Structure formats: C-alpha cells, structure tokens
Amino acid sequence: MAQTESMRFPGSDGNELAGVLHVPDGSPLGSVLLAHCFTCSKDLHTMSRLADGLADVGHEVLRFDFAAVGESEGEFVDKTVTNNVRDLVAAATALIRRGSAPCAMVGHSLGGAATLLAAEQLKTVRTVAVIGAPSAPSHVGHLFASDEEEIRRTGSATVQIANRAFEVSSDFLDDLEKHDQAGQVATLDRPLLVVHAVDDEVVHVTEGERIFHIARQPKAFLPLLGTDHLVTSRRAAERLSQILVDWLAETL
C-alpha cells in the first residue's frame with residue numbers, strides 16, 4: 001500500500017507551494033508529476049484518483065497546488081499561464097532535490113497546456129501525457145468573454161467559473177496569447193499521450209485531436225467515453241488510470 005507525505009517548496013514567485021507525495025512500497029518504477037486544471041487543485045478527484053492508481057502499481061507521484069489555489073500561497077489575480085509553467089518547473093526541481101527526478105508529467109486541462117510548455121525545460125522528463133487539454137492556452141479566453149471589457153477597463157474583475165468567483169487580471173488575458181504551444185508540441189522529442197473525453201463540454205475533443213495531429217511520433221490519442229471534462233465518472237477514472245499505467249509501462 002502506497003504512503004503519502006506532505007511537501008512544501010518554493011514556487012516561481014516566492015510563494016510556498018503545497019503538494020502531496022504518494023510513495024509506493026519498494027523501489028519506485030519512476031516519478032510522475034501531476035498538474036491540475038485552471039481553477040482546480042491537487043485534491044480534485046481527478047488528481048487524487050490518478051495519483052493513487054499510479055502509486056499502487058509502483059510509481060512515486062507528486063500532485064501539487066499551483067500558486068493561489070488549494071493550500072499554496074499567492075493571489076489568484078496574479079495568476080498567469082507563464083507562472084503555472086514556472087511552478088511546474090519548481091515542482092520538478094523539488095523532486096530532483098529529493099533524489100526523485102520526474103520521469104513523467106501528466107497535465108489536466110490548462111494544466112495540460114502548462115505541461116506541454118514546460119516539457120522542453122525539463123530534460124529528466126521522458127514521457128508526457130495530457131488529459132482534456134486545449135490546443136492553445138488562449139482557448140480558455142471564452143470563459144471571460146462577457147467580462148473581458150471590464151477586465152481591460154479596470155485591470156481586473158471578478159468572474160464566475162463553475163459557480164465560483166475568481167479575480168482575473170488583464171495580465172492573465174495578455175499572457176494567454178504569448179505562448180506558442182503548437183510549436184512546443186511540434187518539436188517535443190518525447191512520447192506524447194493525448195486523452196480526451198468525447199463528451200467534454202469545456203474543452204472540445206477536437207482540441208485534443210489538434211494536439212495529436214501536431215505532435216511527432218511516438219504519440220497516441222485515446223478517447224474517453226461516458227464522462228465529462230473533470231472525469232467525474234468513477235468507471236472512466238479507473239479506465240484513465242489504467243491507460244496511464246499502460247502508457248508509462250511502454251514509455252519509461
């Protein structure tokens with residue numbers, strides 16, 4: 001049975017980030033770094049179920065909170081995709097310092113976009129997987145379409161996302177346009193797995209298909225049936241966990 005331990009480490013802007021490390025019995029097969037979605041946290045069922053599933057077969061897994069969400073320090077209004085990418089690098093560095101270099105990265109939704117953008121900076125990462133990821137960070141801009149005018153006029157505004165309030169800045173909107181995710185995917189020199197719920201209403205499945213189309217071999221695209229963007233179906237979550245277990249067995 002895998003054990004868990006809390007981790008805290010400095011993030012990109014000096015904020016202390018919080019994580020949970022899942023440590024398997026015996027020598028780990030490898031280390032996996034998980035990146036959660038935009039307004040989620042490390043404790044979202046998608047992250048905890050994946051961490052448990054991967055640790056149960058022998059992987060050491062770190063799930064952590066990006067700055068300003070969950071138990072990590074920071075203000076949401078300061079959040080950008082650039083900062084998320086830097087926080088991913090900081091989390092990987094924390095693993096390296098404890099002697100557990102991340103062998104794989106798995107990112108969900110906008111966390112998947114950050115994973116694809118960070119991969120080039122992390123030479124210890126040997127394989128990458130994304131779940132419900134957009135083909136470009138700017139895809140999430142539609143979430144703020146009705147509030148963009150106010151955000152631009154005042155510098156920031158409170159927006160409702162999944163019935164929760166978040167302070168979003170104009171810097172965040174500007175940052176969405178700065179990233180060449182397609183270019184990073186096209187030159188990624190490691191195996192890439194793209195998993196996407198066919199019925200995803202937040203990030204359409206065609207976004208995952210675009211990522212797969214751009215990527216070079218070796219790569220794989222696997223659809224998830226009967227679930228949503230957050231993979232709330234336990235049956236689908238179990239299938240997702242097995243998909244990742246099989247992928248890591250083939251690519252690590």
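**Note on a predicted model**

1. Arg-234 is placed in helix H8, which covers residues 234-251; helices (H or I, at least four residues) and strands (E, at least two) are DSSP runs, numbered from the N terminus. With a relative accessible area of 53%, Arg-234 is exposed, where exposed means over 50%, buried under 20%, and partly exposed in between, computed with a 1.4 Å probe on protein chains only. Between the C-alpha atoms of Arg-234 and Val-130 the distance in space is 19 Å, and the two residues are 104 residues apart in sequence.

2. A word on the basis of this note: the model is predicted, local features need pLDDT of at least 70, side-chain atom pairs count only at pLDDT 80 or more, and totals for chains, interfaces and linings use all residues. Residues are numbered from 1 along each chain as its sequence is written, and side-chain values use heavy atoms, with hydrogens and water left out.

3. The aromatic residues deserve a careful reading. A search of the whole structure finds 8 aromatic pairs, a pair being rings of Phe, Tyr and Trp (its six-membered ring) with centres within 6.5 Å, where planes under 30 degrees apart count as stacked, over 60 as edge-to-face and the rest as tilted. One of them joins Phe-38 and Phe-76, whose ring centres are 5.5 Å apart and whose planes stand at 50 degrees, so this pair is tilted. Phe-38 is buried at a relative accessible area of 7%, and Phe-76 is buried at 11%.

4. Phe-38 also pairs with Phe-172: the ring centres lie 5.2 Å apart with the planes at 15 degrees, so the pair is stacked. Because Phe-172 is in helix H5 (residues 170-176) and Phe-38 is in the loop between E3 and H1, this pair ties together parts that are 134 residues apart in sequence. Phe-172 is buried as well, with a relative accessible area of 3%. Ring pairs link Phe-38, Phe-76, Phe-144, Phe-166 and Phe-172 into a cluster.

5. Ser-41 has its place in the loop between E3 and H1 and counts as buried at 16% relative accessibility. Gly-70, by contrast, counts as exposed at 58%, and this residue is found in the loop between E4 and H2. Apart from neighbours within four places in sequence, Gly-70 is in contact with Ser-41 and Asp-65.

6. Ala-68 has a positive phi, near 80 degrees, and is located in the loop between E4 and H2, where it is buried with a relative accessible area of 18%. Ser-109 likewise has a positive phi, near 60 degrees; Ser-109 lies in the loop between strand E5 (104-108) and helix H3 (110-118) and is buried at 7%. Helix H3 is mostly covered, with 9 of its 9 residues buried, among them Leu-110, Thr-115 and Ala-118.

7. The largest pocket has a volume of about 390 Å³, and of the 19 residues that line it, Thr-39, Ile-161, Val-202, His-229 and Leu-230 are the closest to its centre. On a 1 Å grid over the protein atoms alone, a pocket is an open set of points where a 1.4 Å probe fits, with protein on both sides within 12 Å along at least five of seven lines, and lining residues have an atom within 4 Å of a point; a volume is the space filled by probe spheres set on the points, which are joined across faces, edges and corners. By class, the lining of this pocket has 11 nonpolar, 4 polar and 4 charged residues, with Ala, Val, Leu, Ile, Met, Phe, Trp, Tyr, Cys and Pro counted as nonpolar, Asp, Glu, Lys and Arg as charged, and the others, Gly among them, as polar.

How values were computed:
Contact = heavy atoms within 4.5 Å.
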